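Dear colleague,

I am handing over the structure we spoke about, and below it you will find my notes on what turned up. Please read them with the model open beside you.

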Amino acid sequence: MSTLLDKIWDAHTVHRGAGGTDLLYVDFHLLHEGSSPQAFEGLRLAGRTVRRPDLTLATEDHVVPTRDLLSPSGVAATMVQALRRNCEEFGVPLHRSGSDGQGIVHVIGPELGITQPGRVILCGDSHTSTHGALGALAFGIGTSQVEHVLATQTAAFAKPKAMAVTLHGALPEGVSAKDVALAMIGRIGTGGAQGHVIEYRGAAVEAMSMEARLTLCNMSIEAGAKTGMVAPDAVTAEYLRGRPYAPVGRAWDEAVASWSALHSDDDAEFDRRVDIDVTTLSPFVSWGTNPSQVVALDGVVPDPAADPDLALRSAAERALTYMDLTPGTPMREIPVDVVFLGSCTNGRIEDLRAAAGILDGHRIASGVRMLVVPGSAAVKKTAESEGLDEVFRSAGAEWRSAGCSLCVAMNDDSLAAGERCASTSNRNFEGRQGRGGRTHLVSPTTAAATALTGRLTAPSDLGARR
Amino acid sequence: MKPISTITGRGVAIRRTSVDTDQIIAARHCLRTTRTGFAEHLFATWRAEPGFPIGDPAHAGATILFGGADFGSGSSREHAVWALQDYGFTVVVASRFGDIFFDNAVRSGLVPAVVDDDAATAMMDVVEADPAAEVTVDLVSLTLRTARTEAPIRMSTDTRQRFLDGHDGIDVTLRHEAAIRAFELTHVPIVKAS
């Protein structure tokens with residue numbers, strides 16, 4: 001009668017608080033330069049140390065330039081230098097920019113095999129939900145909680161509620177995990193899963209590759225969820241086998257055997273259930289300024305006046321003004337200036353392969369700028385060994401080094417005011433990709449097809465043009 | 001952290017839902033290694049819009065911010081909390097908060113007060129009609145009051161106690177040092193194998 005959440009929570013509870021807060025042991029703590037400087041400063045001021053530097057790993061992703069491997073300049077350099085100094089002083093291993101193990105923190109965790117089923121993984125970044133794809137319980141935390149974890153290797157939380165999102169049926173050709181995530185958030189809203197951990201279940205989830213599951217879990221936070229997770233199965237074990245932090249020999253066999261118990265029991269009770277028939281889904285795209293403002297790509301910009309909810313209507317009106325869109329406009333007619341392929345949502349090798357498959361042998365539309373930013377140095381290396389970099393370059397796209405880049409616009413990549421971008425990232429908030437920039441969230445294949453035509457385009461729309 | 005039991009001040013309302021932390025403070029303004037220096041960038045883009053209440057002289061000195069549902073959604077940046085505090089806010093009232101923002105607020109000593117949607121709307125009406133209206137946030141009785149309205153605040157026992165005591169979260173956890181140590185003795189760690 002336990003959910004997967006119950007099982008992992010109970011196995012990590014160091015102290016059960018009477019007033020609703022439990023103390024959880026943290027199996028691994030991932031750090032980056034963006035949210036950690038004040039945490040280390042707090043330790044220093046209080047004369048504390050990092051309790052378990054061996055269970056802590058830092059990388060540089062948020063502010064690093066991706067155009068080349070030169071060091072960042074200005075304030076960004078201060079952030080990177082602070083991380084390097086802090087890691088040195090407190091003995092925390094660091095995967096520096098330019099090293100083989102560097103990359104977006106949520107790409108390298110699974111890649112290194114640090115993210116494992118049944119583990120509690122924390123990081124000072126909301127998209128830590130990504131790691132749940134491997135059956136880990138993984139939360140994003142703020143800087144004060146980062147400091148707490150550094151000092152104690154524990155985190156104090158009230159236990160979230162459990163929500164089952166079941167994806168029924170098989171995904172139609174050309175529909176990806178990103179489209180499913182956008183469709184789900186469109187249905188339940190940006191606060192629809194607030195206070196809950198989503199467990200994704202059902203035939204469509206079981207059929208997904210690990211990388212697709214990482215995309216799905218990544219977007220959970222955009223529905224307000226504490227995190228997302230998928231029970232481990234053969235796909236999980238196959239993904240982890242042989243990775244640097246995965247157990248080996250007898251320890252591996254024991255670990256795999258123990259993972260078979262990591263699923264919600266048949267009679268487990270969820271606080272909320274959502275059922276989605278994926279067989280009717282098609283590529284999705286956002287039209288507004290939060291990730292619930294989405295529509296099928298073959299649809300039109302919705303009319304806010306049709307929304308009976310006054311708050312949603314007013315938000316939609318604001319969004320359309322910001323996005324400079326008119327209700328009734330077919331989404332396919334919306335032109336873009338920039339296409340961004342990358343981020344912790346869609347910067348893994350399968351994403352790059354899918355996009356390259358669309359671009360191969362073609363040129364992107366004139367006037368469109370396309371950035372391809374691999375999620376990690378390892379993804380970059382694999383892509384280059386497969387010749388994907390040549391596909392992107394020949395198509396006219398920029399081939400970059402690993403980092404968060406245009407997803408968060410904290411480095412030198414950003415949109416100019418008024419520029420419109422089809423982006424495989426996770427947030428279409430006002431100004432997210434640069435002040436005044438306009439973001440349409442899409443899947444990697446939609447991004448690639450859009451780059452070819454210069455307008456929001458699904459790969460299936462390309463047939464007649466090619 | 002200073003103990004907080006009751007806060008009285010003037011309020012200001014942002015009648016927008018899903019106010020994400022990117023709007024509270026944009027990423028480009030988070031490139032700092034301190035917890036201060038963020039006030040001038042609070043809602044920087046929206047403050048340039050005519051009629052936006054933050055920065056409106058009529059609401060100068062307000063310490064209690066009212067927002068729509070899902071306030072603080074999105075990025076985990078604690079800078080959003082620090083920027084609100086840096087600007088002078090001590091309380092944010094909404095019917096629902098982003099989980100990470102809520103946790104960050106509690107840990108930094110900014111009171112996130114959850115009230116019903118209708119109550120939040122009624123309070124917004126009051127502070128918009130009279131920017132000088134006094135608002136009281138009472139964590140002892142868990143009520144939010146103005147001269148004309150009153151609403152219960154929903155807050156867990158632990159969160160309330162944390163404000164009332166003002167204890168440092170790490171100190172509180174370190175009281176369980178023996179339990180942490182015992183847990184570590186039997187728990188299999190993640191180690192690099194190859």
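To begin with the two chains, and bearing in mind that this is a predicted model, 50 residues of chain B are in contact with 64 residues of chain A. On the chain B side, the elements that each give two or more residues to this surface are α1 (21-24), α4 (99-108), α6 (157-165), α7 (169-174) and α8 (177-186), and the largest share, 6 residues, comes from α4(B).

Turning to chain A, you will find an open sheet of 5 strands in the order β17-β16-β15-β18-β19, with parallel pairing. Strands β17 (398-399) and β19 (438-441) of chain A stand at the edges and have a single partner strand each, so one side of each is left without a neighbour in the sheet. Within the sheet, β15 (residues 338-341) and β18 (residues 420-423) of chain A pair in the parallel sense over 3 bridges, and V339(A) stands opposite A422(A) in β18(A). Helix α16 (residues 444-453) of chain A packs on the sheet, where it touches β15, β16 (369-372) and β18 of chain A, and its direction makes about 150 degrees with that of β15(A).

With best wishes

Methods:
Residues numbered from 1 in each chain as written. Chains lettered and ligands numbered in written order. Predicted model: local features only at pLDDT ≥ 70, side-chain atom pairs only at ≥ 80, totals over all residues. Pairing = 2+ DSSP bridges. Helix = DSSP H or I, 4+ residues; strand = E, 2+ residues; numbered from the N terminus. Contact = placed C-beta atoms within 7 Å. Axes fitted to C-alpha atoms, helices over the stretch in contact; angles between N-to-C directions.
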